[in-house]
Amino acid sequence: MGTAVAALLLIFHEVTDQDGLYALVVVAYGAGTAAGVAIRRGLSANPAFWLFDGAFALALVLAGGNWRSPVYLLALTALILPATAGPRWRGVAATGAFAVGYLTVALFTGVDWNTLDTTPRLESFSAHLSLPLLLGIGLAYMAELLRHLDRERVRSSELALEAERRRLARELHDSAKQRIHAAHLVLSSLPGNGTGPAGDAIALALGELESAGAEMDSSLANLRSVSGETTLAGAVRIRAARLEAATGIPIEVSDDETSLTGSGVNHAFHIVSEAMTNAVRHAGPSKVVVSLTVSAGMLSAVVEDDGIGLPRETPWDSQGIRSMLERAEFLGGSLAVTGEPSGGQGTQVRLVAPVDSLLEQAQ
Amino acid sequence: MIRVLVVDDHPAMRTGLNSVLRREPGMVVCALAADGAEAIAAVEHDPDVALVDYHLAGEDGIALCQRLKKQDLELRVLLYSAHARQGLALPARLAGADGVLDKGAPAHDLLEAIRTVARGDSVFPETAPELVRVGRSRIAEHDLPLLGMLADGANRDEVSLVMHMQPGEVEARVERLLEMLKPRIG
């Protein structure tokens with residue numbers, strides 16, 4: 001679009017008097033970059049390309065020899081990518097750099113300070129200078145807002161799904177499972193239980209009811225786990241990727257290829273997930289490292305960050321930490337949280353639990 | 001004759017328990033309650049043993065156990081739970097319960113447990129050493145003696161006497177310990 005405007009201005013504008021070659025370069029450059037971005041998607045996210053694009057556009061203005069160049073709008077389009085692609089400060093910085101670059105170019109092409117005395121010229125020059133700032137900052141804010149909305153949308157749909165699964169789990173647990181317990185209890189109270197043909201039938205039925213209860217426990221654990229992902233490493237990786245996308249803090253996950261599955265995995269996953277969330281939310285680390293290893297029948301899950309360490313008053317009774325401790329307890333494992341209070345040495349959360357407890361139903 | 005108060009929020013469980021306990025010689029169901037309020041009201045039927053579901057609507061069995069014990073000092077409370085049997089043992093002791101039983105246990109075990117607590121004994125599952133260790137790590141050092149005494153069956157008055165604490169303070173610290181130790185069921 002910038003190219004089109006520039007070309008039209010070049011053809012119809014009377015102020016500037018350019019040769020055909022200049023117009024050709026402008027059109028070719030505009031079309032070339034548009035095609036380049038369309039073909040190689042990675043290009044539009046590459047800061048080196050933004051720098052080149054902005055510098056080239058400003059060079060075109062310089063080559064045009066006049067700060068009121070028709071290429072000005074084309075140059076402005078170079079701001080769109082850096083302003084919208086990254087965090088807000090980057091957009092604002094790119095905008096500032098562009099404005100300074102443009103001022104430099106304008107000085108080189110020669111600002112006629114005498115004519116600037118006339119009010120319309122002065123206004124035009126200041127508009128040329130402030131337009132990139134307004135445009136860039138506006139775009140950066142808008143892009144940030146859109147990204148924020150997008151994250152919120154994903155989060156709220158995840159929460160809705162989670163709430164639905166919990167509701168189902170609660171219904172199963174509060175009603176169906178109670179009926180199984182009631183039937184088991186009544187049946188087990190029958191006289192002659194275990195002797196004679198009737199006794200055999202009762203024993204069989206009791207066994208079936210016990211299996212039904214156990215199966216329901218494992219379904220409940222699955223319902224309460226994440227998005228149907230059944231291996232611990234798989235679920236942790238998905239969660240890590242989401243956290244990384246939401247916060248921009250890299251999370252490395254390594255596991256020793258043991259695909260742990262089972263209803264108890266849910267608890268281990270929630271512990272690791274909570275530890276990762278705490279790390280990126282509160283510790284301000286440059287990265288988080290998660291490792292899942294199994295040796296001698298014990299799972300060891302470690303979440304380490306290089307952030308600010310534990311607060312002086314570690315909130316041991318907060319809901320999050322309590323839930324982690326309880327889950328570790330249900331697995332028959334132990335959970336250790338180490339980190340110097342505000343020592344800047346990072347924090348380490350280590351869960352050690354018997355692998356057997358992950359495979360069995362562990363409510 | 002052991003008079004039993006049944007507290008469970010599911011009608012199937014209440015009906016099942018009622019039918020099993022009624023048929024047992026030497027036992028009678030004196031009241032059925034679906035929630036805490038009904039249970040407290042049923043204390044006037046003078047039960048010997050309250051069989052209390054841990055997972056009640058609006059209130060957990062531990063909190064209800066404490067209220068029932070306040071209401072009737074002689075009442076024996078058996079917590080009946082479908083989950084976290086082991087994790088429940090310690091908080092149940094702290095709350096003054098006389099036993100914890102798994103809902104999956106056959107009728108014979110249930111009847112035996114009711115008779116045991118009615119006699120004045122207690123029925124608690126073995127607590128795994130690992131659980132004790134994890135529980136300890138969560139509790140402040142100065143609360144450990146208090147926890148130890150209560151877990152051994154000492155009552156609140158004995159604790160306040162031995163540890164030179166006001167009864168109110170014992171109560172407050174037990175409350176805090178319970179909050180830390182109670183299993184959460186999501």
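1. This is a predicted model. Among contacts in chain B between residues at least 6 apart in sequence, 67% join residues at least 24 apart. Chain B has nine helices and seven strands, and 54% of its 186 residues count as buried. The chain exposes about 8100 Å², of which carbon and sulfur atoms supply 52%.

2. On chain A, V92(A), L133(A), I137(A) and Y141(A) make a nonpolar surface patch of about 310 Å². Helix α7 (residues 119–188) of chain A gives the largest share, three residues. Y141(A) is in this helix and is partly exposed, at 46% relative accessible area.

3. Over all chains, the salt bridges number 15. One of them joins the side chains of E144(A) and R147(A), at 3.6 Å from N to O. The two residues are three apart in helix α7 of chain A, so about one helical turn separates them. E144(A) is partly exposed at 27% relative accessibility, and R147(A) is partly exposed at 27%.

4. K287(A) and E252(A) also form a salt bridge through their side chains (3.8 Å, N to O). K287(A) lies in the loop between α10 (265–283) and β2 (288–295) of chain A and E252(A) in strand β1 (residues 251–255), so the bridge ties together parts 35 residues apart in sequence.

5. In chain B, the side chains of K103(B) and D53(B) meet in a salt bridge of 3.2 Å, N to O. The pair links distant parts of the chain, 50 residues apart: the loop between β7 (99–102) and α5 (107–119) holds K103(B), and strand β3 (residues 49–53) holds D53(B). Both K103(B) and D53(B) are buried.

How values were computed:
Residues numbered from 1 in each chain as written. Chains lettered and ligands numbered in written order. Predicted model: local features only at pLDDT ≥ 70, side-chain atom pairs only at ≥ 80, totals over all residues. Heavy atoms only, no water. Helix = DSSP H or I, 4+ residues; strand = E, 2+ residues; numbered from the N terminus. Buried < 20%, exposed > 50% of the residue type's maximum accessible area, 1.4 Å probe, protein only. Contact = heavy atoms within 4.5 Å. Areas by Shrake-Rupley, 256 points an atom, 1.4 Å probe, with all protein chains shown as cover. Patch = residues over 30% accessible without salt bridge, like charges linked within 9 Å, V, L, I, M, F, W, Y side chains within 5 Å. Salt bridge = Lys/Arg side-chain N within 4 Å of Asp/Glu carboxyl O.
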